[in-house]
Amino acid sequence: SETEIREIAMDHSGELRVAVEVDRGKDEYDQDDDIVTFHYKSRSGKWRKLNLNQKRSPGRFDALGFSADNRHYYFRSNYDVAPFDPVKRDTMGVFSFDFEDEELILEFRHPDVDVLSAVGGPMGEVLGVRYEPGYPEMHFFNTENPHVRLIQAFRASFPGQAVNINNYTEDGQTSVVAVRGDRNPGQFYIYRDGKLKHVADTQPDVDSDWLGSQEAFTMNARDGKKLYGFLTLPPGGTDSNLPLIVNPHGGPHGPFDRWGYDRRVQMLASNGYAVLQVNFRGSGGYGEDFEKSGYRKWGREMQDDVTDATHWAIQQGIADPDRICLYGGSYGGYATLQGLVREPDPVSYTH
């Protein structure tokens with residue numbers, strides 16, 4: 001059988017500490033016989049193997065980094081959940097490996113959505129992770145860490161916005177803070193000596209008064225599948241009986257719609273339209289099983305999810321059933337055509 005090193009990781013001192021090996025098994029094209037081995041360099045300097053007791057083959061695995069003291073190594077994975085487990089979802093959780101205790105633990109997993117990325121400190125250490133159950137959220141491992149407390153203070157200063165520290169100086173005393181939102185294409189601030197100073201806007205000519213607000217929602221498809229989506233309402237405060245544009249995303253497997261400024265969506269909203277986006281089954285961001293549940297379902301259950309989201313908007317009183325449009329690019333264009341084929345009569349959306 002063939003083997004390959006999927007990941008290697010060096011700590012903050014530049015020492016190689018972790019390697020993830022994948023044995024492709026007898027059939028390199030069949031994932032069901034793949035075996036993942038976690039190699040780590042112990043405190044004694046010897047390389048050892050850790051049995052991951054993987055529940056799926058091979059499982060997704062993405063390195064995040066080390067703690068500031070190099071004691072913990074963090075990665076995100078779903079290796080510990082069997083495919084289509086009836087009890088728990090296989091969303092990407094964050095794991096930590098403790099080099100002193102030689103122990104691997106699950107630090108955090110959201111029941112519906114994947115952990116997306118690491119929140120880093122001044123030296124690149126992992127402070128926590130980002131995830132998006134509709135709106136952007138963060139989970140921190142140590143809320144008493146001064147850098148974590150600073151990030152939380154920034155988030156409190158910009159309610160309803162997504163806030164990230166993009167860069168630090170080497171001494172950690174100065175940082176670049178990025179702020180964005182559904183009606184904010186992006187702003188940058190410099191934090192130094194306890195003061196936050198605005199330095200630039202990514203799109204200074206955009207007037208937020210002309211933009212719509214984007215709201216996250218959840219709903220159940222006709223078979224009970226929980227779906228996440230976003231509804232952008234036009235400016236002006238009207239939230240009922242609106243013309244609706246349903247905008248399926250492209251891909252479809254892997255990409256997914258996220259909360260935040262979208263120039264195409266806002267172009268439509270600023271002209272009086274409500275815009276509906278739903279992360280139908282097959283989308284990324286909600287676990288490997290959710291993504292695979294859309295395989296071979298193009299024009300079928302994946303299309304039903306788009307239709308059901310449209311029904312939801314009508315039932316909520318938001319959309320006028322006589323003024324509904326489908327629009328999208330790439331797979332979204334395919335879903336638009338399939339919507340016309342499968343739901344040619346607008347009146348059918350009221351049933």
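## Salt bridges and a buried proline

Student: Which residues are linked in a network of salt bridges?

Tutor: In this predicted model, the network of salt bridges links Arg43, Arg71, Asp98, Glu100 and Asp101.

Student: And how many salt bridges does the count come to?

Tutor: The count comes to 27 salt bridges, in a chain that has 38 positive and 54 negative side chains, with the centres of the two sets 2 Å apart.

Student: What does Arg56 form a salt bridge with?

Tutor: Arg56 pairs with Asp289, and the closest N and O atoms of the two are 3.1 Å apart. The pair links distant parts of the chain, since Arg56 is in the loop between strand S4 (47-50) and strand S5 (61-66) while Asp289 is in helix H3 (residues 288-292), 233 residues apart.

Student: Are Arg56 and Asp289 buried or exposed?

Tutor: Both Arg56 and Asp289 are buried.

Student: What about Arg258 and Glu132, where do they lie?

Tutor: Their side chains meet in a salt bridge, at 2.8 Å from N to O. Arg258 lies in the loop between S18 and helix H2 (263-269), and Glu132 in the loop between strand S10 (126-131) and strand S11 (137-140), so the pair ties together parts that are 126 residues apart in sequence.

Student: Changing topic, where is the place of Pro234?

Tutor: Pro234 sits in the loop between strand S17 (226-233) and strand S18 (242-246). Because its relative accessible area is 9%, under the 20% cut-off, Pro234 counts as buried.

Student: What is Pro234 in contact with, leaving aside its neighbours within four places in sequence?

Tutor: With those neighbours left aside, Pro234 is in contact with Gly212, Leu242, Ala269, Gly272, Tyr273 and Ala274. Gln266, which is 32 residues from Pro234 in sequence, is 8.2 Å away in space, C-alpha to C-alpha.

Student: And the whole chain, how many helices and strands?

Tutor: The chain has five helices and 20 strands, and buried residues make up 48% of its 351 residues.

Notes: Residues are numbered from 1 along each chain as its sequence is written. This is a predicted model: local features need pLDDT of at least 70, side-chain atom pairs count only at pLDDT 80 or more; totals for chains, interfaces and linings use all residues. Side-chain values use heavy atoms; hydrogens and water are left out. Helices (H or I, at least four residues) and strands (E, at least two) are DSSP runs, numbered from the N terminus. Buried means under 20% relative accessible area, exposed over 50%, partly exposed in between (1.4 Å probe, protein chains only). Contact means heavy atoms within 4.5 Å. Lys and Arg count as positive and Asp and Glu as negative; His and the chain ends are not counted. The place of a charge is taken as NZ of Lys, CZ of Arg, CG of Asp or CD of Glu. A salt bridge is a side-chain nitrogen of Lys or Arg within 4 Å of a carboxyl oxygen of Asp or Glu.
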